[in-house]
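This briefing is for a reader new to the structure shown below.

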Amino acid sequence: MLIRRVNSKSRQDTIVSNEKASSIEGNGINKTMNKNVIYLVNLVLHDKDPYYLEYIANTKDFQKYLPQFEQMLKIFILVK
């Protein structure tokens, strides 16, 4: 999904799979559907490899599906 006019709203430190991570939330416009979206990205570095875990949903449905994404982050395991 291509997003244009991206605006970061917040950044906070978090933990993903027992690794320090950064969580970034923002909004933008879905380029293909021309709809407003909200995104949440979790960036984590594991054994010097970057991982980019992203949740994007239209503004109306973001809060509706956010708990499922948060649950996936809780059980996500990085292995060697």
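**The helix and the model**

The 14 residues of H1 should span 20 Å at 1.5 Å a residue, and the end C-alpha atoms of H1 are 20 Å apart, which agrees. The expected span of a helix is 1.5 Å times one less than its number of residues. The model is predicted, so local features need pLDDT of at least 70 and side-chain atom pairs count only at pLDDT 80 or more, while totals for chains, interfaces and linings use all residues. Residues are numbered from 1 along each chain as its sequence is written, and side-chain values use heavy atoms, with hydrogens and water left out.

**Chain overview**

- The chain has 1 helix and 4 strands, where helices (H or I, at least four residues) and strands (E, at least two) are DSSP runs numbered from the N terminus.
- From the N terminus on, the order of the elements is β-β-β-β-α.
- The C-alpha trace spans about 40 × 25 × 20 Å along its principal axes.
- Of the 80 residues, 32% count as buried; buried means under 20% relative accessible area, exposed over 50%, and partly exposed in between (1.4 Å probe, protein chains only).
- Among contacts (heavy atoms within 4.5 Å) between residues at least 6 apart in sequence, 33% join residues at least 24 apart.

**Largest pocket**

- The largest pocket holds about 300 Å³ of space. A pocket is an open set of points on a 1 Å grid over the protein atoms alone, where a 1.4 Å probe fits, with protein on both sides within 12 Å along at least five of seven lines; lining residues have an atom within 4 Å of a point. Grid points are joined across faces, edges and corners, and a volume is the space filled by probe spheres set on the points.
- Its lining has 15 residues, and Gln12, Thr14, Ser23, Asn42 and Leu73 lie nearest the centre.
- Two or more lining residues come from each of strand E1 (3-16), strand E2 (19-30), strand E3 (35-46) and helix H1 (62-75). E1 gives the largest share, 5 residues.
- By class, the lining has 6 nonpolar, 6 polar and 3 charged residues. Ala, Val, Leu, Ile, Met, Phe, Trp, Tyr, Cys and Pro count as nonpolar, Asp, Glu, Lys and Arg as charged, and the others, Gly among them, as polar.

- Phe62, Leu66, Phe69 and Leu73 are the buried residues of H1.
- Glutamine 63 is also in H1, but counts as exposed because its relative accessibility is 55%.
- Isoleucine 38 lies in strand E3 and is buried, with a relative accessible area of 12%.
- Leaving out residues up to four places away in sequence, isoleucine 38 touches Glu25, Gly26, Asn27, Tyr55, Ile56, Ala57, Thr59 and Phe62.
- Glutamine 63 and isoleucine 38 are 25 residues apart along the chain, with 9.5 Å between their C-alpha atoms.

**Loop residues with positive phi**

- Serine 17, in the loop between E1 and E2, has a positive phi near 50° and is not a glycine.
- Aspartate 47, in the loop between E3 and strand E4 (49-58), has a positive phi of about 50° although it is not a glycine.
- Aspartate 47 is partly exposed, at 46% relative accessible area.
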